[in-house]
Amino acid sequence: MKIHLTPKQKNALTYSVIVLAIIGTIADMFRRIYFGGGCLLKDIFHTPCPSCGMSRAYLSLLMGDVEKALFFHPMFWIFPIAVGFGAAAAFDKKRTRLWLALLGLCILAYFICWIVRLATGNTV
């Protein structure tokens, strides 16, 4: 079953997801500041989430230590690329499928990395 959305509906859906992501990020920061703790998923399920180590990786990158950034999360570099593919899919109407396929490959690589890290015990 295919769902056909008008451009106005697609924009509303996109903005809704962005707003929810921002609200979630602010709520998580509030939780960390006032209640302490690290990753919410790790606190609940006792298993590192796919993005565990990402904040430390970007902080290390900002300090110029690429090796340490790769240690904290080997796929930290893929996030800006995935965001770029997502933005390209939103704005380049002629090649939307290409951009979404590339975004899907980024997400797949990210989760494969997470599974490998869990299997090898190489979580930070």
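Is Ala89 buried or exposed, and what is the relative accessible area of Ala89? In this predicted model, in which local features need pLDDT of at least 70, side-chain atom pairs count only at pLDDT 80 or more, and totals for chains, interfaces and linings use all residues, Ala89 is buried, with a relative accessible area of 8%. Residues are numbered from 1 along each chain as its sequence is written, and side-chain values use heavy atoms, with hydrogens and water left out.

The protein contains six helices and zero strands, in the order α-α-α-α-α-α along the sequence; helices (H or I, at least four residues) and strands (E, at least two) are DSSP runs, numbered from the N terminus. Along the principal axes, the C-alpha atoms occupy a box of roughly 45 × 35 × 30 Å. Of the 124 residues in the protein, 22% are buried, and the accessible surface, calculated by the Shrake-Rupley method with a 1.4 Å probe, amounts to about 9,400 Å², 73% of which belongs to carbon and sulfur atoms. With contact defined as heavy atoms within 4.5 Å, 35% of the contacts between residues at least 6 apart in sequence join residues at least 24 apart.

Ala89 lies in helix 5, which spans residues 78–91. When residues up to four places away in sequence are not counted, Ala89 touches Thr96, Trp99 and Leu100. The C-alpha atom of Leu100, a residue 11 positions from Ala89 along the chain, is separated from that of Ala89 by 6.0 Å.

In the loop between helix 2 (40–45) and helix 3, His46 adopts a positive phi of about 60 degrees although it is not a glycine. His46 is exposed, at 67% relative accessibility.

One salt bridge is counted, a salt bridge being a side-chain nitrogen of Lys or Arg within 4 Å of a carboxyl oxygen of Asp or Glu. Arg95 forms a salt bridge with Asp92, with 2.8 Å between the closest N and O atoms; Arg95 is partly exposed at 47% relative accessibility, while Asp92 is buried at 18%.

Cys106 is in no disulfide, and the nearest cysteine sulfur, that of Cys113, is 13 Å away. The sulfur of Cys113 is in turn 12 Å from the closest cysteine sulfur, in Cys52, which is too far for a bond. Cys106 is buried, with a relative accessible area of 8%, and Cys113 is likewise buried, at 11%.

Methods:
Buried < 20%, exposed > 50% of the residue type's maximum accessible area, 1.4 Å probe, protein only. Disulfide = S-S within 2.5 Å.
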